[in-house]
Amino acid sequence: MKKVVIVTGSPRANGNTNAMAAKFAEVAKAAGAEVTRFDACALKFDGCHACGMCYKTRHACAVVPEYDAVIEAILAADTVVFAIPLYWFTIPSQLKSVIDHFYAAMRGGTSMKGKRCIVLGTMGQPVATGLYAGVTTAMKGACGYLGWTYEELVYGGMNIPGAIKETDAFAKIEVIVK
Ligand SMILES: Cc1cc2nc3c(=O)[nH]c(=O)nc-3n(C[C@H](O)[C@H](O)[C@H](O)COP(=O)(O)O)c2cc1C
């Protein structure tokens, strides 16, 4: 991986999902990759209006210009990492809105094909419940549609910030980056 974009979806700055994202950035940078990170919860937030104005103005998105930088960075990247806590069996709305805006690139006639997608996931319930399937199905489907490969690393029992440090997540991230 040479150019990595990380998009996080947890509002808890000190939470477990952000800890995984930070570790990924650290390891990827140490391996020589250029890493750009966006925190969906820190961006202005508005879902896609399906107005069809993508790239007809000087922005990818006519409603939220902040999404321009995210889409442009992803277009230039070879690896896209999503850090996704499970919210109500699926993707938190702020991050889902960022993904909805990939529509802009397609409307703009730009192919997003050929990227490696890695999901770093957390949830409150144990992983064995299988409840992360809502995210997996959505993200795998999106990746198939976009022509991206898909990998995920998911940890349960993550309600308490810091819990991720008691797992093998950081060691597994080292392996994924190599
Ligand atoms: C609004 C909301 C909805 C949640 N929904 C679920 C859920 O459906 N299943 C689950 O196992 N955990 C659920 N959780 C717990 C989070 O997935 C869990 O605390 C996660 O590890 C938090 O990541 P963080 O430490 O990065 O904030 C929910 C938490 C919130 C705030």
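Predicted model: local features only at pLDDT ≥ 70, side-chain atom pairs only at ≥ 80, totals over all residues.
**Notebook: a first walk through the model**

My count of elements is 6 helices and 5 strands.

**Overall extent.** I looked up the box filled by the C-alpha atoms: roughly 50 × 35 × 30 Å along the principal axes. Of the 178 residues, 34% count as buried. I then turned to contacts between residues at least 6 apart in sequence. Of these, 75% join residues at least 24 apart.

**Helix H2.** Which residues of helix H2 are buried? I found Tyr67, Val70, Ile71 and Ile74, in a helix that spans residues 67–76. They cover an arc of only 90° around the axis, which puts them on the same side of H2. The general rule is that an α-helix has 3.6 residues a turn, so residues three or four places apart point the same way. Next I asked what covers the buried residues of H2. The cover includes strands E1 (3–8), E2 (34–39) and E3 (79–85). It also includes helices H3 (93–100) and H4 (103–107).

**The core.** The largest nonpolar core has 44 residues. Ile6, Met20, Val81 and Phe82 have the most contacts inside it. I checked which elements supply at least two residues each. Among them are E1, H1, H2, E3 and H3. I then picked out Phe82 and set aside residues up to four places away in sequence. Phe82 touches Val7, Gly9, Leu95, Val119 and Met139.

**The ligand.** How many residues surround the ligand? I found 19, and the closest are Gly15, Thr17, Thr122, Gly124 and Met158. Helix H1 (residues 16–30) gives the most to this shell, with 3 residues. By class, the shell has 9 nonpolar, 9 polar and 1 charged residues.

**The loop between E3 and H3.** I stopped at Trp88, which is found in this loop. Its phi is near 50°, a positive value in a residue other than glycine. Is Trp88 buried or exposed? Trp88 has 8 C-beta neighbours inside 10 Å, so it counts as exposed. Phe89 is found in the loop between E3 and H3. Phe89 has a positive phi of about 70°, although it is not a glycine. Phe89 is exposed, with 11 other C-beta atoms within 10 Å.

Technical notes:
Residues numbered from 1 in each chain as written. Helix = DSSP H or I, 4+ residues; strand = E, 2+ residues; numbered from the N terminus. Buried ≥ 20, exposed ≤ 12 C-beta atoms within 10 Å, placed from the backbone. Contact = placed C-beta atoms within 7 Å. Near = placed C-beta within 6 Å. Nonpolar A, V, L, I, M, F, W, Y, C, P; charged D, E, K, R; others polar. Arc of directions from axis to C-beta. Core = buried A, V, L, I, M, F, W, Y, C linked by C-beta atoms within 7 Å.
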